[in-house]
Amino acid sequence: MTDSNVPAFELGDTLAMRCGNTLTGVFVPGSKIALSAFRHVKYNSRDVPTDTANQDPVLIYMAHETTLFDEPVLRSLLAESNATFATLQQLGQKAARVEYVNISRAYRSIVRACLEKLEHEKKSPEVQTDDLRLQRFSEAMVVFYAAECLWHLFEILYIQQNQLVVPQLLEWARFHFPQTEERATDLLLMGEEASESDDYWNVLRSLIMLGEIDITRAILSQNRRASQPAFKTAELALKSMPIYQEGYSLQKFNSQWEYWHMDTERKILSNVFATEPELEQLVQLVVGNNDEWDAGIKASQDWYQYLPGYLLYTKPTCKPFELRIASTNWLNRWSMLRPERILNSMSRMILQLMEHDVRLFIYEAQKISDTNWFSAHLLDLIHNSGILKAYFDQNNVDLPALRHSIIYEYGTFLMSARNLWHLGIDYLDYCKQEGRAAIELLLPRISIRSERQANKLINLAKQRGLLTVEQDICKVLSKRAYDGERYGNALEWAIRSKDVLLVTGIADFILKTYSRTGNMLCPDTIANIGGRMFISPRLVFLSKYFEFYEFYRNRDFLSASELLVNLLESKITPEYFWPSLLIDSMPLLESKDPKIFSKETVAILHHIETELVPIIERNTDKFGEHHTETVFKDYRVENIDEILNLMRLACARNLARAMIIENTMALE
Amino acid sequence: MSANVSTHYISEKVARVRWLPEQLQQSERFITGSWDMERNFVRLWKLQSNQYATANTAAATDNVELMPRCMDKVSVEDDVTGMEFVDKDTLAVTTADGRLSLMNVQRAVEEDQIHFTARSEQLHRFERSQDPAPCTDISVYGTDIATAGEDGCVNILSSSNIRQVKRHIEADSLALFAVSFISQNQLVAANRMGVIRMLDVRVASEAQPKVNFMVACKDDKNSNFVSSITSHPMQQHILLCGTEEGSITVWDLRNLDYPASYLNAHSSPITDIGFHRKDPSKLFTAAEAGEVWMWSENKALTCDNQKDGSSAWLSGDRVKSLVGVEGVLTNIRKAINSFDVHGTRLVCGGDSEAVYLIDDIV
């Protein structure tokens, strides 16, 4: 992206237009910008409503970076590379080189598989009718095709670290310029008739320039005139061309090579091919005739297309470090012959790789519009495999820091994209404390659409020991359930959140509702709280009170009264619940057969005088005589004074009765 | 880990996966349902021979022989939360918008098809806001379909007419996470707290039997939800529950005072639990951490005492010595949400956006 095509935003809504089409923007989490109309206010502007206030709605626009990964097909690339990334992290920095080569190949095969899927999907009617998607597909294919091409070259030159690069470079060039091979297959299938097709010699020439000697020979042998001396000589020359293989003695090879070269040139000079000028051109290419190669350059699609082929015929033993000079020379020659062509960024990056300018390459790699997929994964591989370490040290590149920052960028992008969080979190895991902090911030921001998803998020937080995140999610869900009047659900989420205040709040609500209406909310949940009640004293009270309530409802009055007395003594009774609790004791005091002992009766009386009466008095002070009922929202209470008297009476009666029974000797 | 695992990335988070039922042959088609995507789909896949497999036999061992190909898809409104076949061509699908859909699958030689046949009313909704509540699970018994939802309700419908709800049971005030038929008229439904309730299809909410039992948990101060329930295909009184803490609790429904067995299994929440469709001596469990385990009963020790209704699964602490465990799939790192076994093939899928095919379940 050059400076001239920085994207410009314009709102164009009426409000913005009114203020001279100005706007303001704020970054919001998830790499978004919130844009809205803006009116410039200076120190001397008067602080008055504008003339047009309330005329137009204030609209807020969200702008976010477009990414290729909106396309579902590309998700497989993300998911699969995520798995490979994790494998690489497990390998760490101490594995054998071949392991890293395998990882590199795995990444490339992911891209290739994805390209194939794109190719396939692009042809489907669903995409063909959708212009926007079609364009996105083309864009994605360009980007990932380039990524694969560059990665392949990088793998050959730096990861494999073979001393012999020409054969691999040939393979690379062939893979990325497949048209010639496709045509060659056609020609082979045509057999003898092939020689009549118009591009017969063109195809053969580019086959030679791509170093495909065997295929060229096969096609030539099918020619009608294959039995003529010129063809036979060409066949012999091509067949006998020495190919350097690793392990050969270099000297021996060189002398063989020299001899073969001399011999072939002599054949050309002796006009063996005079009858077949096109055939002669082929052989001229093979011996590295500059005029013929210049013609080839003019026909080539990009500067690097025929470079590996040229090396094969002129410098077959080229070492990686010699490639630097060879590629510079070749490019000079290319740009001289084709001055009109400007290098695009991919061609530039290829040059940078061949010239061993990795630093610049990495810089350019970050500009590929794949939201850092390429640079993040490649840098991570470079870092882990330890290649080029000396190079980066010399050039003052802090590779670990660079990797860290790019992986962090990539991870946060995934994490904040709508449904890629499960992939992003893995990258952030490897970003030390910054990554952890980012997870802590981004995880609770993922919008929760179902409880199952919430549980997945909680599990992720739990694995990483992010207690606050876990609790935040629970609290949000608790609040949401509470607002939806699903109190059982709210209580359970609150218990999960381990937030004492929240649990107490909800328990309070349930108790207050009960004392006001006599209606116990979510009994099924309270009944099953069990050991979890100890999180909050209020919850303990609620659970115990509920137990009493159940005993009472099931007419187990003895257990009920025992529990009630315990509750009265427990000191965890909330103030607002005293009236309700004491009123509950009344039927037990008044029942036909006595259930509460004298000592406990005294205790109840004591609570009436020390807890209930002060509350009543305080309320009368505050609100006057007539407002007692507004504070005592118990569903059973209408006249508080009467109730108070009745309770005192009940206590007295029960006390008398209990004392008589307790102090009577058994008549036996 | 099993040797013969093939992984196929499908660009969708998989919520549920099911083989198409086949009576006499190995099923070659399966269905996936996605969740948490821009647009969610139910897709029909067919296994086809891999056109890229190299022909020579020497290299054929690392080759993937069968590749799934997407034959057809149906777009659904929201996340798929449950999928079950009612009969051999009818698929019942529950979604997070609280509805049940029926789809019809047509097998063909070339292009199989799947399409909508019916869609229910809003089955689950939150009382106050009337917003749709996600369905969470589905269970099928004959032609009856039961759905459970986050609103704590269970709905029973008949596959012949899903526009009409046969029975609506307000089972719980918590979100239900799993539901399973244990007989024609009885259901169990489990909530987020780990409470499992027995429900009767024939009676209304108020008259439901108050039978409930709580799943076991290592630490009773923690919540432990039940994520998946299954009952033994031959001995229906045996109920197995997979839970949040990764353990399996086994209940003998004839004696609900205490769980029959409690097994420590995975270290992450169990996501799915189920017996092999044809071979009840094998149980499979899948977990959030990306594992699928196979539990196989040691036949030599348990073959003759099945008549009296006892089973290796009910033998308390001794279960581990009677049932062997092996990892079918490990180290996927992302949740496996669902699996299905048919014959010797297991298919599973999850949040790694891939389906895994395992060919040699024996």
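Author: Strand 6 (residues 80–85) of chain B and strand 7 of chain B run antiparallel and are joined by five bridges. Here strands (E, at least two residues) and helices (H or I, at least four residues) are DSSP runs, numbered from the N terminus, and two strands pair if DSSP finds at least two bridges between them. The model is a predicted one, in which local features need pLDDT of at least 70 and side-chain atom pairs count only at pLDDT 80 or more, while totals for chains, interfaces and linings use all residues. Residues are numbered from 1 along each chain as its sequence is written, and chains are lettered from A and ligands numbered from 1 in the order in which they are written.

Within this pair, Val80(B) has Thr95(B) of strand 7 as its bridge partner. The two strands form a hairpin with four residues between them. Strand 7 (residues 90–95) of chain B is mostly covered, five of its six residues being buried; a residue is buried if 20 or more other C-beta atoms, placed from the backbone, lie within 10 Å of its own C-beta, exposed if 12 or fewer do, and partly exposed in between. Strand 7 of chain B is also joined to strand 8 (residues 100–106) of chain B by five bridges, again in the antiparallel sense. There Thr90(B) is partnered by Asn104(B) of strand 8. The hairpin of strands 7 and 8 of chain B has four residues between the strands, and Gly98(B) takes a positive phi near 80° in it.

Elsewhere in chain B, strand 26 and strand 27 (residues 345–350) run antiparallel and are joined by six bridges. Ser338(B) finds its bridge partner in Gly349(B) of strand 27. Their hairpin has two residues between the strands, and Gly343(B) takes a positive phi near 60°. Strand 26 (residues 336–342) of chain B is largely enclosed by the rest of the structure, because seven of its seven residues are buried.

Chain B also holds an open sheet of four strands in the order 2-3-4-5, with antiparallel pairing. Strand 2 (14–19) and strand 5 (66–76) of chain B stand at its edges with a single partner strand each, so one side of each is left without a neighbour in the sheet. Strand 2 of chain B is joined to strand 3 (residues 29–34) of chain B by five bridges, and Arg16(B) stands opposite Gly33(B) of strand 3.

Chain A has an open sheet of three strands in the order 1-2-3, with antiparallel pairing. Strand 1 (23–28) and strand 3 (60–64) of chain A are its edge strands, each pairing on one side only. Strand 2 (residues 32–37) of chain A pairs with strand 3 of chain A over five bridges, with Ile33(A) opposite Ala63(A).

Finally, the contact between the chains takes 35 residues from chain B and 34 from chain A, two residues being in contact if their C-beta atoms, placed from the backbone, lie within 7 Å. The side of chain B that touches chain A has 14 nonpolar, seven polar and 14 charged residues. In this classification Ala, Val, Leu, Ile, Met, Phe, Trp, Tyr, Cys and Pro count as nonpolar, Asp, Glu, Lys and Arg as charged, and the others, Gly among them, as polar.
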